[in-house]
Amino acid sequence: MASVVLQRLSTLIPAERILTRPAELASYESDGLTAFRARPDAIVVPETQEETIDIVRLCHELGIPFVARGSGTSLSGGSLPVANGIVIALNRLNRILHIDPTTRTAVVEPGVINTHVTQAASPFGLHYAPDPSSQSICTIGGNIAFNSGGAHCLKHGMTANHVLAIKAVLATGEVVEWGTGSREFIGPDWCGLFSGHEGLFGIALQITLQLLPKPDRFHTVLAGYQSLEQAGDAVAAIIASGLLPGAIEIMDALALEAAKAAVHADYPPGCEAVLIVELEGPREAVEVERTQLEAILSASRPVEMRPARDSAERLAIWKGRKSAFSAVGRLSPDFIVQDGVVPRRRLGEALRKIARMASESGIRVANVFHAGDGNLHPLILFDGRVPGALERAEQLAGRILKMCVEMGGSITGEHGIGMEKREFLPDMFSPAEIRLMERIHAAFDPKKISNPGKMFPAGTAPSLQLHGLHPLEKAGLASRE
Amino acid sequence: MSPTLTPSSVTELRDAILASARVSIEGARTKPALIASAGSSIGLRQLSGITEYDPEEFTFTALAGTPLREVIAALDSRNQRLPFDPMLVESGGTLGGAFASGLSGPGRHRHGGIRDFILGIRFMDGEGRLLRLGGKVVKNAAGFDVPKFFVGSLGCFGALVDLTFKVFPRPPAQLTLRFPTQHVEESVELITRLASSRWDCDALEIPTGARHVLARLAGPNRALNLMASDMGRALKREFTVEDPSIWAAMAEFAWSPPGHALAKVPLVPTSAVECAKVIGSLPTMQVHFSAACNVAFLSWADPTIHAALQTSLAQLGLEAMMLRGDPGGWCMGRRRVTQIEAAVKHAFDPLNRFPTLSR
Amino acid sequence: MLHQIQTDKLGPMGSAMSEAVSTCVHCGFCLAACPTYRELGQEMDSPRGRIVLMKEVLEGKLPWEEAQPHVDRCLGCLSCEPACPSGVPYRDLISPFRAVAQKHFKRPFADRLRRLLTRVTLPYPRRFRAAMQAGGWIKKIGLWSPRMLRPMLDLIPANLPAAQTWPEFTEGSGPRRARVGLLLGCAQQVLDPDINTATIEVLRRNGVDVVAPRTQGCCGGLAWHTGDLAAARKFARQQLDAFPADVDAILSNAAGCGSAMHEYALVLRGTPLEDKARCFGKRVKDVSSFLHELGLVPPKCSWPIRVAYHDACHLANAQGVRDEPRSLLRSIPGLELQEISGGEFCCGSAGSYNLDEPQVAQSLGASKARAIIDTRAEIVASGNIGCLAQIRMHLEQQGSAVPARHSMQVLRDAYRRESTG
């Protein structure tokens, strides 16, 4: 990095929070999507909103690309650094500034960990609803940038549905405040537009979140089925009945194997699929609904039905489900997590197609999904040490995504496009629509410095590992100071 | 004044847009204060009809000019609903109009407002291009969330053609309870208490006068009476059961006399009491608190209070969107101006074909 | 994670390290559990970051000294292991790496001197006692001491307990229910010899014969966890021979020691004693686990006291022992057991960490003491001498007089009330 840039940065934050040593750069090279790595020139670690604003303004002035990062858990490469740019680590902006039980809101900084919001709200009988599986470590800033979902968004919606106000520094350096902390607003929904901007507009500095009363009662049932088909039919029956569960999840046999190994989850033996349904609400309502649910489930002929008898059993069911992604690390050295959506009723068809495509390519695929809203997470398992395995896995991933689009679904339900699915954006949007999004992007980020290279298609192939010397450096035509 | 043009197809819409340097879009004119005065007006009432409805998928798509009553009837026949209680339904309001004005009703308290149920839109831009943003499935994170951005955008970025919404199952039963109160402080306190309670109220309103609170419960029939009794016991309050027809009347703002101005004011609940005292005390002013005091609807007759109202709103840090009446603009009160809004407006509408949200 | 580690070039520990790296999927769940990430807030000082650094060093891509500060800062508390959905055996990476790194890591003279001092005194009770006494004098006289000695001096108790020895054989009272070997420890013998006395007493009361061989020595845990492979192997070999075959189990009452002995197969990997070490490891149990399995004879006398229980990392994370000590304490009639908020975070003792990384240790220790004070407990109990020493010091620093006691001491005291009550 040019020494003048480092020198300017050091006027904004102390040198010990500008990380440039090899060990420091190596640590931030990648996020939750390890197929991509890129070494930034530096990582800067602000501790206040003011420092963050100053850093972004400096980047705007000097045209330095930057990537904001919370805990680096993105599954789409959303916080992949940019070579010749900096990473702005927001994890130390982690203050919960205010919890207001009267307005049921929380005002937080972007580095606050998702579950910490609920923990802080809990003494007031409130909770923060969006629950991505990485919630023990992922940050609110990252949740907003990618409009994170989670198992409970069937009933409660995604992150965007719980954001009431945002103060942000845009890539132009302008600091804006949108929303007032009211659940209603006037004029265009700026907070809505900023949610899911994939880091391309700027950095959120202070966020007002909506808190909901803790559900009075849960009724969580785990049901094992002999086939994925049967589990899918059970879901259709639940939906048709008019019940609105808080969550409906399915895990297939491979995913169950992983979860069992990871957290010693206890599943009914001999099942090809497990269905998790959770009702929530006032106890009087849940009492009535649980009878309805149990009748529906019994009629679907499960191998075994296990209602959780207490809070500990309920948490164990969720622990198994939420560990599933990372747990497949026990089954395979490497994997790709996907995030496609198909219309809910075509889930069975989609799974059959995936199974067929997988066996044709000789690749194992585990399936975990939000059955209630058609959001699939195929986990494509491969061994990166085998030549060509990564490429084959990516090809299968691409075919699955195309299938989702063909079925009228989406290439991403909640993980966002990031780095991973850029080339598929034209499958979802026409050139004119992509141009509109580019113009919107340019309004926020005319210099293209904010998380550049994400979301929009680029010329490079997805598996390029941007790591080590730049080709120009290798050729001896350029060097860095 | 009737609109100049009422296209009945996408092609006709394109011709209408390209025919004038400036255009403004309208639906059923149920919110006349929000219809821009400059430019040729284009009415979308003939772009009407539900084009797709898939109850199993919890989604439907309808053209922007479709009357809300038609949408609601179709959903109702399949035991589904738009949980946010669209407003101005019997008055003939359109889906596009509700969306472009961002107007949600009492039901927004429980599951969210109109912005929480939009999945995708198709709109025509100032150059006659038909663009689709968002999608048709209930979960979709691809691309920028332009559909949400259009909520409340008052037709400034383009002309809505069709909208895809998520729906929910209609609860099996509803029960509305009326709790008498002595004054606005007590009403607001009761609302606050109920909003954080375990009973998961479907709607929480303080009608004008603030002498009572309405709490609507929704769920399985058997559960509702039990919940109501428990509420009365826990709150140590008397209540009466209210006729469900009040909600239909409320959706039409029946409490605001004809000819009165009407405005929506987003509120942080802790400002409700001050709002009632400062604004509510203006001559002829009526205040209805909606969505657990997250919105105040204001209704007044006397145009000479405009200056005082403007001052009070600004002092309280509030902003009002006019629905009916003409104080000399579509909004009142405090307004934050940003540089980004001009840049984004330009990104959507470089030719400035559509109105600008000027204050 | 994909890696290019040349496993065969790394000796017998190579495959343990590269397999651990392979299992990691870089998901980041471990960051939530890591005390140093919480304290320092940067990726290099998190388990995920350290795995990347160790990988890069082993691949030859990163110089040893670049990774050193971050590897040194790892507490070895293993909180990351239960948090990891992929099951990365972090312990199979950190200690072998430190062993391999020893000849590459450079340290300033003062650090090397301090480590030498620790190495030659701590594992040898007589020498350690002498060093403690000398240190105690320095403290009392208020003599100037070099900065690098201060953390050590801080840990010296105001009054060193009198030296004690224990019989090689203690017969259980009543019908014999079991026969066990007991590790007497090293630092523990000097800092709080009553823990051993209490342990033997509790076992005796439960009908257990206790064999405490004289030929035993230090378990080598400290050496193993700080990269001194040669010393660790020496101590492990000594231990393998010290305990007779005819005991039902080999018990430890110090979490750090118990967990180290479970790792002997890794310590001695690639040597002819590897299998013997594995068998030995299987016979090692924490005394609380053993008693819980055996079935504790519950104390008869009521003792209405509020006790906060502190999970030693090397008991909870390394050995998975959480419920057993709690269950034993709860068997004391009238006792109210209190959980400590933030209980999953290390107290900062971490073997000799509080000597090597005093700042982080200070911050963790202070937080732990505050959390203990908040429980308003009358006693804080734990199963590890290192934790007890650290907690005692920090409670004192915050003006609290709450005693820190080993679970065995609490049990023994409960039994004693039967004769006096």
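This is a predicted model: local features need pLDDT of at least 70, side-chain atom pairs count only at pLDDT 80 or more; totals for chains, interfaces and linings use all residues.

Trainee: Why is the pair Asp192(C) and Arg392(C) called a salt bridge?

Mentor: The rule asks for a side-chain nitrogen of Lys or Arg within 4 Å of a carboxyl oxygen of Asp or Glu. Arg392(C) and Asp192(C) meet at 2.9 Å, N to O, so the pair qualifies. In general, side chains of opposite charge can pair when their charged atoms come close.

Trainee: Where in chain C do Asp192(C) and Arg392(C) lie?

Mentor: Asp192(C) is in the loop between α10 (187-191) and α11 (194-205) of chain C, and Arg392(C) is in helix α22 (residues 385-397) of chain C. The two are 200 residues apart, and the pair links distant parts of the chain.

Trainee: What makes Asp192(C) buried or exposed, and how is Arg392(C) classed?

Mentor: Buried means under 20% relative accessible area, and exposed means over 50%. Asp192(C) has 8%, so Asp192(C) is buried. Arg392(C), at 30%, falls in between and therefore counts as partly exposed.

Trainee: How is Arg385(A) classed by accessibility, and what does its side chain meet?

Mentor: Arg385(A) has 54% relative accessibility, and the cut-off is over 50%, so Arg385(A) counts as exposed. Its side chain meets that of Asp383(A) in a salt bridge of 3.1 Å, N to O.

Trainee: How many salt bridges are counted between chain A and chain C?

Mentor: The count is 3 salt bridges. Glu66(C) also forms a salt bridge with Arg21(A), with the closest N and O atoms 2.6 Å apart. Between chain A and chain C there are 11 residue pairs in polar contact. As for the side of chain A that touches chain C, α2(A) gives the most, with 5 residues. The residues of that side divide into 10 nonpolar, 17 polar and 12 charged.

Trainee: What is the extent of the contact between chain A and chain C?

Mentor: The contact takes 39 residues from chain A and 31 residues from chain C. The two chains bury about 2600 Å² between them, 53% of it on carbon and sulfur atoms.

Trainee: What are the corresponding values for chain A and chain B?

Mentor: Chain A and chain B bury about 6400 Å² between them, 62% of it on carbon and sulfur atoms. Glu184(A), Ile186(A) and Glu284(A) supply 12% of the area that chain A buries against chain B, more than any other three residues. The contact takes 82 residues from chain A and 74 residues from chain B.

Trainee: What makes Glu177(A) and Arg336(B) a salt bridge?

Mentor: Their side chains meet at 3.9 Å, N to O, and the limit is within 4 Å, so the pair is counted. The rule finds 10 salt bridges across the interface of chain A and chain B. The largest share of the side of chain A that touches chain B, 9 residues, comes from α16(A). By class, that side has 40 nonpolar, 23 polar and 19 charged residues.

Trainee: Which residues are linked in a network of salt bridges?

Mentor: Glu184(A), Asp189(A), Arg108(B), Arg115(B), Asp116(B) and Lys264(B) are linked in this way.

Notes:
Residues are numbered from 1 along each chain as its sequence is written. Chains are lettered from A and ligands numbered from 1 in the order in which they are written. Side-chain values use heavy atoms; hydrogens and water are left out. Contact means heavy atoms within 4.5 Å. Buried area is the accessible area (1.4 Å probe) that two parts lose on being put together, summed over both. Helices (H or I, at least four residues) and strands (E, at least two) are DSSP runs, numbered from the N terminus. Ala, Val, Leu, Ile, Met, Phe, Trp, Tyr, Cys and Pro count as nonpolar, Asp, Glu, Lys and Arg as charged, and the others, Gly among them, as polar. A polar contact is a pair of N or O atoms within 3.5 Å; within protein, one must be able to donate a hydrogen and the other to accept it, and residues adjacent in sequence count only if both atoms are side-chain atoms. Buried means under 20% relative accessible area, exposed over 50%, partly exposed in between (1.4 Å probe, protein chains only).
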